[in-house]
Amino acid sequence: MQLHLSTWAEVEAYLKTSKGIIMPIGSTEQHGPNGLVGTDAICAEVIAKGVGDATGALVGPTIPVGMAVHHMEFPGSMTLKPSTLIAVLRDYVGSLAEHGFERFFFVNGHGGNIATVRAAFYEIHAENRALRGRDAPDLRCALVNWWENGEVGRLSRELYQGKEGSHATPSEVSVTQYAYPESIKSAAMEPEQAPAGGFHDARDFRRRYPDGRIGSAPGLARPEHGRQLYEAAVGAISAQYRAFLSEG
């Protein structure tokens, strides 16, 4: 069940049996020559929906723009300041908590969100306690990155033989190709695998990685790979969600 496709009465009925909700969060940023600008949001959304279908969980609306200031030299990229993203997450969780939700399980598609999302959790807990003290509801928040589990890692190594990289990866491009086969893009890439390394800011990022890739070979992406990766991620994250709900 998806929140935006539900009625208020359906949500009220759901809350009688579960206090958990899955929240997809991604980014809107460049993903190399053949990667969609919405890659991170797409991956988070389709995998979160799969987890919701597998577990019977309600899935909230995707947060499509994240903390991506380091991509801003590439047209089409969008970013929120860390303070803005923290405020958005605080208000999202606070709104749903008013209705009785207590377990917030974020499925993340963008590495640049991680530090800010975790900081937002501390803000949420601090505000909750400041407002209600010992009477505060027992709110809990968790963050999982869809690509960080054993089965997805094994598949990535098997499919791409060390050419996964860290940005504009063949894995994430494959998931978008599976989700939106009508929007598959092709582009020449030289070299096949981009150089790896770090960067300082958006200008330095584009200087070091002019086509937007870091250590990756997204030309290896295939929609059939995306289906395998999607199924692996949904299986692993569904188990994580069930464990999160069952915590004492």
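**Notebook: salt bridges and a helix pair**

I started with Asp 204, which counts as buried at 9% relative accessibility (buried is under 20% relative accessible area, exposed over 50%, partly exposed in between, with a 1.4 Å probe and protein chains only). I am working from a predicted model, where local features need pLDDT of at least 70, side-chain atom pairs count only at pLDDT 80 or more, and totals for chains, interfaces and linings use all residues. Residues are numbered from 1 along each chain as its sequence is written, and side-chain values use heavy atoms, with hydrogens and water left out.

**Entry 1: the partner of Asp 204**

I looked up what Asp 204 pairs with, and found a salt bridge to Arg 207, with the closest N and O atoms 2.7 Å apart. My rule for a salt bridge is a side-chain nitrogen of Lys or Arg within 4 Å of a carboxyl oxygen of Asp or Glu. Arg 207 and Asp 204 are three residues apart in helix α7, about one helical turn. Helices here are DSSP runs (H or I, at least four residues), as are strands (E, at least two), numbered from the N terminus. Arg 207 counts as exposed, at 57% relative accessibility.

**Entry 2: the other bridges**

How many salt bridges does the rule give? I get twelve.

Next I checked helix α5 (residues 150-160), where Glu 158 and Arg 154 sit four residues apart, about one turn of the helix. They form a salt bridge, their closest N and O atoms being 2.8 Å apart. Glu 158 is partly exposed, with a relative accessible area of 43%, and Arg 154 is partly exposed as well, at 35%.

Then I turned to Lys 163 and Glu 192, whose side chains meet in a salt bridge at 2.6 Å, N to O. Lys 163 lies in the loop between α5 and α6 (170-179) and Glu 192 in the loop between α6 and α7 (202-208), so this pair ties together parts 29 residues apart in sequence. Lys 163 is partly exposed at 26% relative accessibility, and so is Glu 192 at 40%.

I also noted a network of salt bridges that links Arg 103, Asp 138, Arg 140 and Glu 247.

**Entry 3: α6 against α8**

I finished with α6 and helix α8 (residues 223-246), which pack at an angle of about 100° with their axes 7 Å apart. Axes are lines fitted to C-alpha atoms, for helices over the stretch in contact, and angles run from 0 to 180 degrees between N-to-C directions. That makes α6 roughly perpendicular to α8 (65 to 115 degrees).

Key: Angles under 35 degrees count as roughly parallel, over 145 as roughly antiparallel, 65 to 115 as roughly perpendicular and the rest as oblique.
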